[in-house]
Amino acid sequence: MMKTVRFAIMAGAAIICLSSCKNGKTAQNAVQEQIPVVAVQNAVVETVIDDKAYSSTVQPWAKNNIAPQSAGRIEELMVEVGDYVTAGQVVARMDDVQLQQAELQLNNDKIEYDRLKGLLDKGGISQSDFDSFEMAYKVHKNQYNNLLKNTVLRSPITGVISARNYDKGDMYAMALPLYTVEQVIPVKLLIAVSESDYSRIKKGDGASITVEAFPGETFNGTITNLYPTLDATTHTFNAEVKVANTNRRLRPGMYAKVTVTFGSNKSIIVPDLAVVKQQGSGNRYIYVYNEKDSTVKYQHVRLGKRLGDRYVIEGGIREGDKVVTDGQLRLKDGLKVNLKKEEE
């Protein structure tokens with residue numbers, strides 16, 4: 001009987017011990033499961049090209065309006081919009097009645113000038129009389145040349161005709177020019193550079209240009225001029241970029257992106273997965289893992305340029321910091337975490 005009672009007591013104690021051990025292990029696992037599991041990567045330092053992109057519009061290197069100085073009938077228009085013309089090429093002719101009259105007058109003056117020159121050499125007239133006629137002759141010659149320029153109209157530059165405002169036979173009334181011609185070899189672009197970059201950009205710096213019209217292509221340019229004053233409102237100044245455009249593919253009015261390279265810097269790089277946006281603000285932060293106590297620290301950072309699936313960090317963390325790239329939703333500053341195993 002006593003043996004039976006002793007066995008029952010021992011069995012009960014064993015059952016209680018097993019139950020207690022099992023519950024303890026379950027509680028321990030539950031505590032471990034509550035600790036967030038995160039993945040981390042090291043912040044690294046790499047050489048990064050220091051460049052900035054600016055929006056701009058292609059502009060002609062020069063733009064001229066072609067028109068006579070006075071009103072008159074348009075006798076002939078020789079080019080159309082889109083035609084490529086060279087400097088000095090005749091593009092239009094105006095009514096030439098006044099030009100013909102001036103030419104007759106000039107021819108008569110030339111004959112009289114030669115006659116008087118001969119008389120002067122022989123002493124037939126005084127020097128003052130000859131000088132007086134010579135002055136009148138030169139005035140008539142200048143008048144003729146001026147009429148010629150305003151009757152036979154030539155392009156002042158080599159470029160593309162971008163506008164024609166009249167038809168043959170119209171009366172030019174000095175309201176709009178006959179033609180507008182734009183020089184497209186080369187072209188230029190103006191970019192608004194921030195005040196903070198005033199001392200970093202200089203004449204001769206290179207630039208790359210891309211346009212929506214030719215996706216995937218890049219055109220090379222050069223900074224040729226820096227405007228001397230800044231806009232007081234935007235705190236920017238204009239820089240002029242020259243593009244050779246020898247193939248005339250870039251046309252005025254095209255939207256363009258201009259990228260200027262200032263050099264290269266050693267910069268801290270992290271995966272974009274490590275960067276978290278603070279709700280309700282534009283702030284960005286990163287959780288940094290502390291190997292000593294297995295906790296994470298909330299760290300505000302300043303983002304630089306994006307490099308594909310990575311970011312340049314301009315401040316907030318250091319090289320070698322372990323940044324959390326997965327599991328941030330359950331984290332808070334100072335929280336203890338477990339590292340995700342590689343096989344996970």
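# Salt bridges, core and backbone of a predicted model

K63 is exposed, with a relative accessible area of 55%. Here buried means under 20% relative accessible area, exposed over 50%, and partly exposed in between (1.4 Å probe, protein chains only). This is a predicted model, in which local features need pLDDT of at least 70 and side-chain atom pairs count only at pLDDT 80 or more, while totals for chains, interfaces and linings use all residues. Residues are numbered from 1 along each chain as its sequence is written, and side-chain values use heavy atoms, leaving out hydrogens and water.

## Salt bridges

Side chains of opposite charge can pair when their charged atoms come close. A salt bridge is a side-chain nitrogen of Lys or Arg within 4 Å of a carboxyl oxygen of Asp or Glu. The model has 16 salt bridges by this rule.

K63 pairs with E182 in one of them, at 4.0 Å from N to O. Strands (E, at least two residues) and helices (H or I, at least four) are DSSP runs, numbered from the N terminus.

Another salt bridge joins D197 to K52, with 2.8 Å between the closest N and O atoms. Its two residues come from distant parts of the chain: D197 is in the loop between β10 and β11, K52 is in strand β2 (residues 44-57), and 145 residues separate them. Both residues also belong to a network of salt bridges that links D50, K52, D197 and R200.

In a further pair, R164 and E80 have their closest N and O atoms 2.9 Å apart.

The table gives the accessibility of the partners.

| Residue | Relative accessible area | Class |
|---|---|---|
| D197 | 2% | buried |
| E182 | 11% | buried |
| R164 | 27% | partly exposed |
| K52 | 31% | partly exposed |
| E80 | 41% | partly exposed |

## The largest nonpolar core

A nonpolar core is a set of buried Ala, Val, Leu, Ile, Met, Phe, Trp, Tyr and Cys residues joined through side-chain atoms within 4.5 Å. The largest one has 25 residues, and I209 and V260 touch the most other members. At least two residues of this core come from each of β10 (179-194), β11 (206-211), β12 (219-226), β13 (236-243) and β14 (255-271). Strand β10 gives the largest share, five residues.

## Backbone features

Strand β10 also holds P186. The peptide bond between I185 and P186 is cis, with omega at about 0 degrees.

Two residues other than glycine have a positive phi. For M174, phi is near 65 degrees; M174 is in the loop between β9 (171-172) and β10 and is partly exposed at 47% relative accessibility. For S294, phi is about 55 degrees. S294 is in the loop between β16 (284-290) and β17 (295-307), and S294 counts as buried, at 19% relative accessibility.

## A pair distant in sequence

Q59 is in strand β3 (residues 59-66) and is partly exposed at 29% relative accessibility. Q59 and Y255 are separated by 196 residues in sequence, and their C-alpha atoms are 9.9 Å apart in space.
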